[in-house]
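Here's a quick briefing to keep beside the viewer.

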Amino acid sequence: MPAKPRVLVIDDQLAYAQIVRSQMPEFTLIKPLGPTQPPRLPDGPSALEYLKKHAAKVDVILLDMHFDAPPERLLPLGEGFSERRTRRFQGVAILREIRRLYPRLPVLLMTSIEDLALVDAADELIDQSMTYLLDGGDVDALRIRMSGALKEADLDMEESGILWGEDPAMRAVRRRLMVLTRGRMPVILEGETGTGKSYLAEKFLHPNSGRPGPFITLDLSSVPSDLVAAHLFGAVRGAYTGAVADREGVFQLAHKGTLFIDEIQNAPQVVQRQLLLALQDGRFRPLGSKREMHVDVKVIAASNASLPQAVRDGRFRSDLYMRLSPSTRVVIPPLCDRSADIPFLLRRFAALSFNDREVAALRDEVAAALGMPKNPPFELAVGRNGKKTGDALQIVLPEPAWKLLMRHHWPGNMREAAMVMRNIVSFTLVEAVDAARSGLPLHTPRLQADSGLVGELLAGSKSMSVPGDGQQNTGDMIPVRIQAAHSLSAVSSSVERQYFLTLYRQTSGDFAQMADMLMGDADKARAVRLRFNQLGLKIRELGKNV
Amino acid sequence: MDADKLLDLLLDLDHDLGKYIVMPLNYLPPDAAQHQLRAALGNALLLTRQTVQGVKTAREIWAAFCAETAGCFENVIVFRLLEEAVAGALAWESTINDLGYPLDRVMIENDLRKVPFAIRGLIEETKSAR
């Protein structure tokens with residue numbers, strides 16, 4: 001972060017610029033229109049024009065919502081927005097353009113979440129990284145939010161072994177987890193298998209929690225259901241057949257630390273009741289014991305299925321879900337939703353596997369055959385353009401193989417990507433080792449990976465890789481009738497109307513259930529309802545036909 | 001005037017008057033000196049809306065709103081509360097240049113904050129009457 005971060009104010013009013021100038025001396029207020037002009041840009045077009053030339057000189061943007069600009073100086077917000085409404089929500093139009101052109105530039109939008117909901121922009125903008133909201137507040141709130149935004153902008157793609165990448169959804173996850181690390185409040189991590197829930201719990205949540213105790217894991221899917229309680233809370237000798245000695249449960253072992261309960265949706269009903277009591281005040285009784293124990297544990301519960309859905313299906317106690325607190329539920333996006341990060345992740349996984357203990361032996365043998373020193377640097381190159389640079393040992397992926405990787409749906413998520421890259425690296429090294437051992441001379445440190453190999457490695461999961469076929473989303477098929485219309489947007493609106501109507505009937509008009517099916521979050525019912533209105537679907541009339 | 005147009009005018013009033021009448025004092029440091037408080041009060045009431053089109057005082061914004069909505073809020077009690085709130089806030093105008101008059105930040109903030117509060121009340125009332 002620069003010593004005196006530079007703030008660009010985009011506001012038709014002078015108020016925010018005056019506040020920064022008079023009360024925030026730790027920031028440099030940019031004078032975009034020259035030294036004698038008010039230190040702000042009064043509308044969207046002038047802001048975009050300025051950023052085109054000077055974006056690199058801006059560290060953070062302070063953006064107002066309402067702009068009293070003449071019509072020709074307003075950016076459009078879309079159909080159905082009168083001039084007055086376009087003025088009132090102009091900040092959203094400006095922000096959309098800034099996000100599109102400068103995704104890594106932090107923007108503080110001076111508005112409330114309620115205002116964003118009025119333009120159906122809340123979900124879209126909140127999920128974006130580098131976008132922060134501040135409504136009202138005071139100079140301290142503004143200062144704290146701006147500093148937080150700048151710190152996040154400084155965050156690298158990789159942090160202590162965690163591959164955040166630059167995908168906005170994943171950055172938003174980091175921001176949320178950073179808040180949730182503190183205190184004893186439990187955290188719910190939801191995400192498909194392989195998205196890295198346990199890794200995030202161990203490598204990010206626990207170390208950042210400041211808790212002095214250990215990190216303890218219990219995977220409920222690997223414990224027989226009649227032994228879950230004993231594993232969680234411990235048991236005294238003779239409490240059940242085979243309990244030949246007292247045993248401590250994970251709650252005791254995690255005292256003053258963090259307990260990660262994986263696959264919590266698999267907890268038997270009777271254990272869910274015990275868990276509820278333990279979460280309420282940290283008290284429980286080991287199996288067969290009369291003595292109550294009290295521990296100080298931060299619980300992180302993970303699930304690869306939607307817990308709100310499990311509650312609705314009656315498989316998970318609603319009181320336990322509420323105790324775990326829906327407000328601390330964080331959904332880790334599947335890899336297919338992080339398409340911008342995939343090249344970075346694949347390269348990183350390849351580099352990490354290059355230094356794997358088992359792979360390292362192959363690596364060093366190839367290096368020796370090439371007359372290179374042990375443990376040479378590594379590069380993953382793609383196609384003919386991947387020229388050798390420096391002294392690195394390269395694995396060259398043919399262009400079609402790389403394209404195959406880019407198109408793959410990654411149903412096994414990060415775990416699958418790591419394994420595929422590890423296999424590509426090790427198989428390519430094995431081929432080179434075999435060649436060297438059979439006396440073939442190796443001349444170039446550019447080792448060509450076999451195109452067919454990549455196809456074979458991906459084939460195993462391809463049958464699973466239909467979008468929406470993950471465990472979280474059953475991806476129901478909904479038939480729609482395509483009819484020609486005057487514009488593509490009219491066609492897509494018609495398609496959208498049809499599937500919303502079908503969902504409405506399937507769920508008997510339950511918007512929470514629809515939100516859960518569409519966005520994996522029942523709390524976003526309001527967004528679905530707003531979309532209904534925008535599509536011209538009249539709920540009152542639909543109600544008669546459900 | 002139809003309810004949607006009325007609501008639009010109220011939402012604009014919420015922004016132009018409700019937001020900017022409280023903002024300068026909200027962003028003052030807790031230990032602000034008298035001259036800072038006086039400048040903030042001046043910004044709140046006399047430089048309420050400063051755009052490229054010019055400056056509007058709180059009094060002008062309120063007068064324009066009343067002229068545009070004349071007769072629309074007859075017998076609406078919440079509107080009477082808003083009128084009282086605005087009158088209470090505008091009463092502080094006379095103290096801005098009266099350097100001998102010590103300003104009481106708490107009293108000023110209380111009076112100014114009644115304005116956005118009353119505007120939001122009228123917005124809710126108008127929404128529910130639609």
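The contact between the chains draws on 22 residues of chain B and 25 residues of chain A. Keep in mind that this is a predicted model. Putting the two chains together buries about 1900 Å², and carbon and sulfur atoms account for 42% of that.

**Polar and charged links across the interface**

- Six salt bridges turn up between chain B and chain A.
- As for polar contacts, the count between chain B and chain A comes to 14 residue pairs, both partners at pLDDT 80 or more.

**What chain B brings to the contact**

- On the side of chain B that touches chain A, α1 (3–26) and β1 (49–51) of chain B each put in at least two residues.
- The biggest giver on that side is α1(B), with 11 residues.
- By residue class, the side of chain B that touches chain A splits into nine nonpolar, seven polar and six charged.

**The five-stranded sheet in chain A**

- Five strands of chain A make an open sheet with parallel pairing, running in the order β9-β10-β13-β8-β14.
- The edges belong to β9 (215–219) and β14 (329–331) of chain A; each has a single partner strand, so one side of each has no neighbour in the sheet.
- Going from one strand to the next, the twist averages 20°.
- At one end of that order, β9(A) pairs with β10 (residues 258–262) of chain A in the parallel sense over five bridges.

**The three-stranded sheet in chain A**

- Chain A also has an open sheet of three strands, in the order β15-β16-β17, again with parallel pairing.
- Here β15 (378–382) and β17 (446–448) of chain A are the edge strands, each with a single partner, so one side of each is left without a neighbour in the sheet.
- The twist in this sheet averages 30° from one strand to the next.
- Five bridges link β15(A) to β16 (residues 393–397) of chain A in the parallel sense.
- Within that pairing, Glu379(A) stands opposite Gln394(A) in β16(A).
- Packed on this sheet is helix α18 (residues 413–437) of chain A, which touches β15, β16 and β17 of chain A.
- The direction of α18(A) makes about 105° with that of β17(A).

Note on methods:
Residues are numbered from 1 along each chain as its sequence is written. Chains are lettered from A and ligands numbered from 1 in the order in which they are written. This is a predicted model: local features need pLDDT of at least 70, side-chain atom pairs count only at pLDDT 80 or more; totals for chains, interfaces and linings use all residues. Side-chain values use heavy atoms; hydrogens and water are left out. Contact means heavy atoms within 4.5 Å. Buried area is the accessible area (1.4 Å probe) that two parts lose on being put together, summed over both. A salt bridge is a side-chain nitrogen of Lys or Arg within 4 Å of a carboxyl oxygen of Asp or Glu. A polar contact is a pair of N or O atoms within 3.5 Å; within protein, one must be able to donate a hydrogen and the other to accept it, and residues adjacent in sequence count only if both atoms are side-chain atoms. Helices (H or I, at least four residues) and strands (E, at least two) are DSSP runs, numbered from the N terminus. Ala, Val, Leu, Ile, Met, Phe, Trp, Tyr, Cys and Pro count as nonpolar, Asp, Glu, Lys and Arg as charged, and the others, Gly among them, as polar. Two strands pair if DSSP finds at least two bridges between them. Axes are lines fitted to C-alpha atoms, for helices over the stretch in contact, and angles run from 0 to 180 degrees between N-to-C directions.
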